[in-house]
Structure formats: structure tokens, C-alpha cells
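Please look over the sequence and the model below before reading on.

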Amino acid sequence: MQKIKSLFENQAFGVCTRLGEKMGVSISSIRLFFIYTSFLTLGSPLIIYLILAFVLNMRKHLRRYNHPTVWDI
């Protein structure tokens with residue numbers, strides 16, 4: 001079960017995990033929130049989710065660019 005969960009987190013950009021850590025809320029409740037609101041509002045939270053995933057991904061790349069490792073030089 002842990003392998004499946006880690007695979008899903010890697011594939012799903014880790015947005016729910018990051019939000020849960022920042023706000024101090026359980027990750028499963030954030031996932032359920034996105035699922036339920038997606039059904040109720042016909043998918044509009046998916047746009048928010050993708051925007052958050054894009055921002056998190058860009059922040060990761062910018063941090064790597066500003067602080068290169070030995071292997072990047």
C-alpha cells in the first residue's frame with residue numbers, strides 16, 4: 001500500500017501533501033475535498049489543482065537554478 005501511495009504522490013505532483021503540511025490538515029481530507037468539489041462543480045477545482053502543481057514545479061526548478069549542486073556545474 002505504501003508503494004502505491006508514494007507512486008501516486010509522485011505522479012500527482014504532491015499538491016495535496018504540500019497543502020496539508022503548510023496548513024496542518026490531514027492529506028486525506030484535502031484529497032477528499034478536491035474530489036467532492038470536483039464532482040459538485042463539474043471539475044473547476046481541477047484547474048486550481050493544476051495551477052498549484054505548476055507553481056510548485058516552477059518553485060522547485062527556480063530553487064535548483066539559484067543553488068546549483070556540484071553535478072549541475
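Which residues line the largest pocket? The lining consists of Phe-13, Gly-14, Arg-18, Ala-53, Leu-56, Asn-57, Arg-59, Lys-60 and Arg-63, where a pocket is, on a 1 Å grid over the protein atoms alone, an open set of points where a 1.4 Å probe fits, with protein on both sides within 12 Å along at least five of seven lines, and a lining residue has an atom within 4 Å of a point. This is a predicted model, in which local features need pLDDT of at least 70 and side-chain atom pairs count only at pLDDT 80 or more, while totals for chains, interfaces and linings use all residues. Residues are numbered from 1 along each chain as its sequence is written, and side-chain values use heavy atoms, with hydrogens and water left out.

The largest pocket holds about 230 Å³ of space, a volume being the space filled by probe spheres set on grid points that are joined across faces, edges and corners. Helix H4 supplies the largest share of its lining, six residues. Sorted by class, the lining has three nonpolar, two polar and four charged residues; Ala, Val, Leu, Ile, Met, Phe, Trp, Tyr, Cys and Pro count as nonpolar, Asp, Glu, Lys and Arg as charged, and the others, Gly among them, as polar.

Turning to the fold, the chain has four helices and zero strands, in the order α-α-α-α along the sequence; helices (H or I, at least four residues) and strands (E, at least two) are DSSP runs, numbered from the N terminus. Of the 73 residues of the chain, 21% count as buried, that is, under 20% relative accessible area, with exposed meaning over 50% and partly exposed in between (1.4 Å probe, protein chains only). Among contacts (heavy atoms within 4.5 Å) between residues at least 6 apart in sequence, 44% join residues at least 24 apart.

Helix H2 covers residues 15-23, and Val-15, Cys-16, Thr-17 and Gly-20 are buried there. Thr-17 counts as buried because its relative accessibility is 18%, and its C-alpha atom is separated by 8.5 Å from that of Ile-30, 13 residues apart along the chain. After H2 comes Gly-24, whose phi is positive, near 75°.

A search of the whole structure finds two aromatic pairs, a pair being rings of Phe, Tyr and Trp (its six-membered ring) whose centres lie within 6.5 Å, with planes under 30 degrees apart counted as stacked, over 60 as edge-to-face and the rest as tilted. Phe-33 and Phe-34 form an edge-to-face pair, at 6.0 Å centre to centre and 65° between the planes. Phe-34 and Tyr-49 are also paired edge-to-face, with 5.4 Å between centres and 85° between the planes. Since Phe-34 lies in helix H3 (residues 27-40) and Tyr-49 in helix H4 (residues 44-66), this pair ties together parts that are 15 residues apart in sequence. Both Phe-34 and Tyr-49 are buried, Phe-34 because its relative accessibility is 12%. Through these ring pairs, Phe-33, Phe-34 and Tyr-49 are linked into a cluster.

What is the place of Leu-42? Leu-42 is found in the loop between H3 and H4, and it counts as exposed because its relative accessible area is 80%. The phi of Leu-42 is near 60°, a positive value in a residue other than glycine.
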